[in-house]
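Visitor: I would like to learn how to read a few features of a protein model. Could we take them one at a time?

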Amino acid sequence: MKKIITIAGSNSQKSINKSLLMYTSSLLKNVELIPIDLNDFVLPIYGVDYEDENGIPTAVKRLNERLRIADGFIISLAEHNGSYAAVFKNAIDWLSRVNMKIWREKPMLLMATSPGARGGQTVLQSAKTYFPFLGAQVIIDFSLPNFYTNFNNDQIVDSNYKKILQEKVNKYYNKL
């Protein structure tokens with residue numbers, strides 16, 4: 001059975017990207033889902049001086065080991081001021097010190113949502129450009145705009161977005 005690691009790129013307890021990720025995960029069948037909560041990997045802010053003095057933190061090594069077992073990834077990115085949430089950027093900065101190919105050339109479904117009309121498209125575009133340098137095979141991406149209008153009761157309520165996401169999940173699954 002394929003192992004899919006899911007990560008919401010946020011440390012918010014009420015993350016809308018985590019909600020989208022959980023819904024998307026429910027659309028997959030015959031896979032083992034391995035959710036990673038960045039709150040379980042508390043890390044110091046990356047800096048070369050810190051690394052020189054202290055080495056790689058144990059939490060980074062643990063997170064790297066979790067990523068190693070993946071057959072694929074589903075990532076839903078929070079957008080903070082047009083970029084990654086600090087907790088997510090810090091995690092990938094640390095992980096790149098252990099293995100520059102963080103995503104290990106594995107298939108990835110990349111998503112974002114936001115309360116606004118662009119649905120996190122700025123951070124999504126940034127990740128689509130940057131993640132291949134970190135070893136991602138971005139198979140497909142999905143943006144859900146206006147989260148609080150289009151998502152309710154733990155699911156996408158807009159039938160068009162629901163259909164689009166299901167098609168994208170199917171395409172991703174076929175590339176695993």
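Guide: Begin with exposure: a residue is called exposed when its relative accessible area is over 50%, and buried when that value is under 20%. Keep in mind that this is a predicted model.

Visitor: Is Thr149 buried or exposed?

Guide: Thr149 has a relative accessible area of 62%, so it is exposed. This residue sits in helix α6, which runs over residues 147-150.

Visitor: How far is Thr149 from Asp49?

Guide: Their C-alpha atoms are separated by 45 Å, and the two residues are 100 apart along the chain.

Visitor: Next, backbone angles. Which residues other than glycine have a positive phi?

Guide: Among them are Asn30, with phi near 60°, and Arg104, with a phi of about 55°. Asn30 belongs to the loop between α1 and β2, while Arg104 belongs to the loop between α4 and β6.

Visitor: Which of the classes, buried or exposed, applies to Asn30, and which to Arg104?

Guide: Apply the cut-offs again. Asn30 has 59% relative accessibility and so counts as exposed. Arg104, at 17%, counts as buried.

Visitor: How should I read a strand such as β1?

Guide: Take individual residues and ask what surrounds them. Lys3 and Thr6 both lie in strand β1. Lys3 is partly exposed, because its relative accessibility is 28%. Thr6 has 5% and therefore counts as buried.

Visitor: What is Thr6 in contact with, leaving aside its neighbours within four places in sequence?

Guide: Thr6 touches Leu21, Ser25, Leu33, Ile34, Pro35, Ile36 and Ile74. With neighbours within four places again set aside, the contacts of Lys3 are Glu32, Ile34, Ile69, Ala70, Asp71 and Gly72.

Visitor: Now a helix. What is the length of α7?

Guide: One way to read a helix is to set its span against the expected one. Helix α7 covers residues 159-175, 17 residues in total, and its first and last C-alpha atoms are 25 Å apart. That is close to the 24 Å expected at 1.5 Å a residue.

Visitor: Which residues of α7 are buried?

Guide: They are Leu165, Val169 and Tyr172. Viewed along the axis of α7, these buried residues fall within an arc of 60°, so they line one face of the helix. On the other side, Ser159, Lys163 and Asn174 are exposed.

Visitor: What covers the buried residues of α7?

Guide: The cover includes the strands β1 (2-9), β3 (72-77), β6 (106-113), β7 (136-144) and β9 (155-156), together with helix α1 (16-26).

Visitor: Which residue caps the N-terminal end of α7?

Guide: Asp158 does, with a side-chain oxygen 3.0 Å from the backbone nitrogen of Asn160.

Visitor: What does the same reading give for α3?

Guide: In helix α3, residues 58-68, the buried residues are Ala59, Val60, Leu63, Asn64 and Leu67. Their arc around the axis is only 135°, which puts them on the same side of α3. These residues pack against β1, β2, β3 and α4.

Visitor: How is empty space found?

Guide: A probe the size of a water molecule is rolled over the atoms, and this shows where empty space is left. Here the structure holds one cavity of 30 Å³ or more. The largest cavity has about 50 Å³ of space.

Visitor: Which residues line the largest cavity?

Guide: The lining consists of Ile7, Leu38, Leu63, Phe88, Ala91, Ile92, Leu95 and Trp103. Helix α4, residues 86-98, supplies the largest share, four residues.

Visitor: What is the volume of the largest pocket?

Guide: The largest pocket has about 220 Å³. It is lined by 16 residues, and the closest to its centre are Ala8, Lys18, Leu21, Pro35 and Ile36. Two or more lining residues come from each of β1, α1 and β2 (31-36). The largest share, four residues, is from α1. Leu21, Pro35 and Ile36 were also named among the contacts of Thr6.

Conventions. Residues are numbered from 1 along each chain as its sequence is written. This is a predicted model: local features need pLDDT of at least 70, side-chain atom pairs count only at pLDDT 80 or more; totals for chains, interfaces and linings use all residues. Side-chain values use heavy atoms; hydrogens and water are left out. The expected span of a helix is 1.5 Å times one less than its number of residues. Buried means under 20% relative accessible area, exposed over 50%, partly exposed in between (1.4 Å probe, protein chains only). The arc is that of the directions from the helix axis to the C-beta atoms. Contact means heavy atoms within 4.5 Å. A polar contact is a pair of N or O atoms within 3.5 Å; within protein, one must be able to donate a hydrogen and the other to accept it, and residues adjacent in sequence count only if both atoms are side-chain atoms. On a 1 Å grid over the protein atoms alone, a cavity is a set of points where a 1.4 Å probe fits but cannot get out, and a pocket is an open set with protein on both sides within 12 Å along at least five of seven lines; lining residues have an atom within 4 Å of a point. Grid points are joined across faces, edges and corners, and a volume is the space filled by probe spheres set on the points.
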